[in-house]
Amino acid sequence: MIHERVLDGATIVDLASHVAAGGGTGLDLARSVGGEAVITAIEESGLRGRGGAGFPTGTKLRTVSENRSQDASTTLVVNAAEGEPGTFKDRTLVRRNPYKVLEGALIAAEAIGAHEIIIGLKETFTTEIDRVTTAIAELQAADWLDDVSVSLTLGPSSYLYGEETALLEVIEGRQPFPRVTPPYRRGIDDAPESSRSAVAAEMAAPGTPAGRPPTLVSNVETFANLPFIVSEGAVAFRSVGTDESPGTILCTISGATTRHGVEELALGTTVREAIELVGGGFSGAGAITAFVSGVSNPILPASMLDTPLTYEAMSERGAALGTAGLIVFDESDDIVAVAHGITRFLAVESCGQCEPCKQDGLEIANSLDALRRSTVTPEVLDDIERRSVSVTNEARCYLAQQQQNVVTGLLAYFPEQLAAHVETSHPATAALTIAPIVDIRDGHVLLDPAQETKQPDWSQDPSSSGKSPAARLGDNPSP
């Protein structure tokens with residue numbers, strides 16, 4: 001069943017249309033009952049962040065609220081820098097109804113006492129920028145903003161721009177290099193000229209000294225859930241989904257399906273049902289062989305198609321729900337080529353602050369590339385497994401763990417395919433580019449063509465400089 005709690009069935013063209021559909025009720029109620037009541041309602045709803053990690057939203061709000069600074073105000077950041085391959089739900093949501101996202105952000109601002117909202121978008125997201133800019137102007141004219149300022153930060157196309165601490169770095173005028181300190185302990189600096197960059201940063205001590213107030217960073221879809229929770233209540237929110245994974249989720253389907261798209265499904269819907277509801281079923285001549293939820297998780301075999309889309313069920317399969325961006329593969333897809341495409345994407349997008357992440361990641365991708373071409377000895381599998389362990393050493397963000405997840409799943413679920421390439425009984429296969437979705441047109445995704453030629457140093461030069469992005473770009477301002 002397709003739901004329309006979060007993702008409206010038709011495009012909401014202006015604020016009046018949003019209000020006519022019930023918009024504004026949640027914000028009015030939040031401002032009348034106050035922040036504590038709002039946080040309690042969100043805690044009782046069981047809403048988990050829809051940005052991929054699934055952290056309890058109520059816990060995040062309460063943590064930020066309880067760590068407020070006495071010297072500087074709290075800031076709220078809407079993470080709209082979507083860029084995980086297989087996922088297009090946040091951009092779809094912003095295009096469909098930016099008013100719901102902004103209303104949710106204003107509700108959260110009321111809950112934590114924030115007077116500033118910053119929306120982080122990629123500078124290439126021109127349609128979304130236009131929609132959000134127009135919506136902000138309408139909210140301002142309608143006196144919805146009260147004493148809250150709302151602005152946009154436009155950042156680079158880098159995958160890491162969507163990592164919450166890297167997003168804060170861009171807001172402060174630097175490159176999207178993840179920090180070691182979470183936003184509730186080090187938020188947006190009121191003096192970015194201090195050049196307290198991610199590259200040189202140490203873990204901030206507990207507390208909120210002057211100039212370092214906590215910041216709430218959450219995903220577009222997470223904020224869009226708040227108006228319903230506040231206006232309808234936790235019980236209504238929990239009327240769909242499961243006890244541990246209540247509510248709905250926006251699911252993107254692409255790959256070997258009849259059509260590609262984004263729809264809102266109840267949590268607990270199986271992968272097979274999602275492929276039917278969103279993708280119109282399987283399109284290949286053969287059978288589905290595998291699927292993957294973005295590039296954060298292992299590739300899973302077709303025997304797991306009846307897995308429910310919940311945090312708990314995916315965890316039991318050794319994976320995670322992530323952003324529910326499902327890429328489907330059939331018998332024409334070589335799983336080794338798929339794994340190479342994913343690990344190359346991650347290795348290229350690694351910033352290199354953590355050397356194992358960059359160097360081991362590149363070696364894993366190179367080994368899988370050779371394996372795809374059936375030009376390796378059995379020892380390469382031992383090397384891939386060894387590097388999949390060391391790649392996460394001293395990692396400050398989750399990207400290295402993603403590389404490990406892909407390799408671990410490949411070794412566990414597809415040993416026969418690996419062995420066939422080692423024994424050369426499987427012919428060499430073409431490379432498969434894994435890239436972010438830039439649009440969905442006529443029921444099919446369009447992928448970012450720049451990804452195929454992007455170098456590990458983040459340049460588009462004919463060859464890489466051999467430097468990591470952190471070494472090459474340093475503290476230079478983000479474009």
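# Figure legends: close-up views of a predicted model

The protein contains 18 helices and twelve strands. The structure shown is a predicted model.

**Figure 1. Overall dimensions of the predicted model.** The C-alpha trace of the protein spans about 70 × 50 × 35 Å along its principal axes. Of the 479 residues of the protein, 58% count as buried. Among contacts between residues at least 6 apart in sequence, 70% join residues at least 24 apart.

**Figure 2. The largest pocket and its lining.** The volume of the largest pocket is about 1,200 Å³. The pocket is lined by 46 residues, of which Gly51, Gly52, Ala53, Gly162 and Glu164 are the closest to its centre. At least two lining residues come from each of helix H4 (57-66), helix H5 (89-96), helix H8 (164-171), strand S5 (215-219) and helix H16. Helix H4 gives the most to this lining, with five residues. Divided by class, the lining of the largest pocket comprises 15 nonpolar, 21 polar and ten charged residues.

**Figure 3. The second largest pocket.** This pocket has a volume of about 450 Å³. Its lining consists of 25 residues, and those closest to the centre are Pro156, Ser157, Ser158, Asp448 and Lys454. In the lining of the second largest pocket, ten residues are nonpolar, eight are polar and seven are charged.

**Figure 4. The largest cavity.** A search of the whole structure finds three cavities of 30 Å³ or more. The largest cavity has a volume of about 80 Å³. Thirteen residues line this cavity, and Ser350, Cys351, Cys354, Cys357 and Cys397 are the closest to its centre. The lining of the largest cavity divides into nine nonpolar residues, three polar residues and one charged residue.

Figure 5. The residues that line the cavity are Val78, Ala80, Val94, Pro98, Val101, Leu102, Ile119, Val132 and Val220. Helix H6 (residues 98-112) gives the most to this lining, with three residues. By class, the lining of the second largest cavity has nine nonpolar residues, with no polar and no charged residues.

Figure 6. Gln404 is placed in helix H16, which covers residues 399-413. Helix H16 also supplies at least two residues of the lining of the largest pocket. Gln404 counts as buried because its relative accessibility is 18%, and buried means under 20%. A polar atom of the Gln404 side chain lies 2.8 Å from the backbone oxygen of Ser388. When residues up to four places away in sequence are not counted, Gln404 touches Ser388, Val389, Val391 and Thr392.

**Figure 7. Glu172 in the loop between helix H8 and strand S5.** Glu172 is located in the loop that lies between H8 and S5. Both of these flanking elements, helix H8 (164-171) and strand S5 (215-219), each supply at least two residues of the lining of the largest pocket. Glu172 counts as buried because its relative accessibility is 8%. The C-alpha atoms of Glu172 and Arg91 are separated by 24 Å, and the two residues are 81 residues apart along the chain.

**Figure 8. Asp143, a non-glycine residue with positive phi.** Asp143 has a positive phi of about 60°, although it is not a glycine. Asp143 lies in the loop between helix H7 (126-141) and strand S4 (149-155). Asp143 counts as exposed because its relative accessibility is 64%, and exposed means over 50%.

**Figure 9. Thr424, a non-glycine residue with positive phi.** Thr424 is not a glycine, yet has a positive phi of about 60°. The loop between helix H17 (415-422) and strand S11 (437-441) holds Thr424. At 52% relative accessibility, Thr424 counts as exposed.

Methods. Residues numbered from 1 in each chain as written. Heavy atoms only, no water. 1 Å grid on protein atoms, 1.4 Å probe; cavity = no way out; pocket = protein on both sides within 12 Å on 5 of 7 lines; lining within 4 Å. Points joined across faces, edges and corners; volume = space filled by probe spheres on them. Nonpolar A, V, L, I, M, F, W, Y, C, P; charged D, E, K, R; others polar. Helix = DSSP H or I, 4+ residues; strand = E, 2+ residues; numbered from the N terminus. Buried < 20%, exposed > 50% of the residue type's maximum accessible area, 1.4 Å probe, protein only. Polar contact = N/O pair within 3.5 Å; in protein donor to acceptor, adjacent residues only side chain to side chain. Contact = heavy atoms within 4.5 Å.
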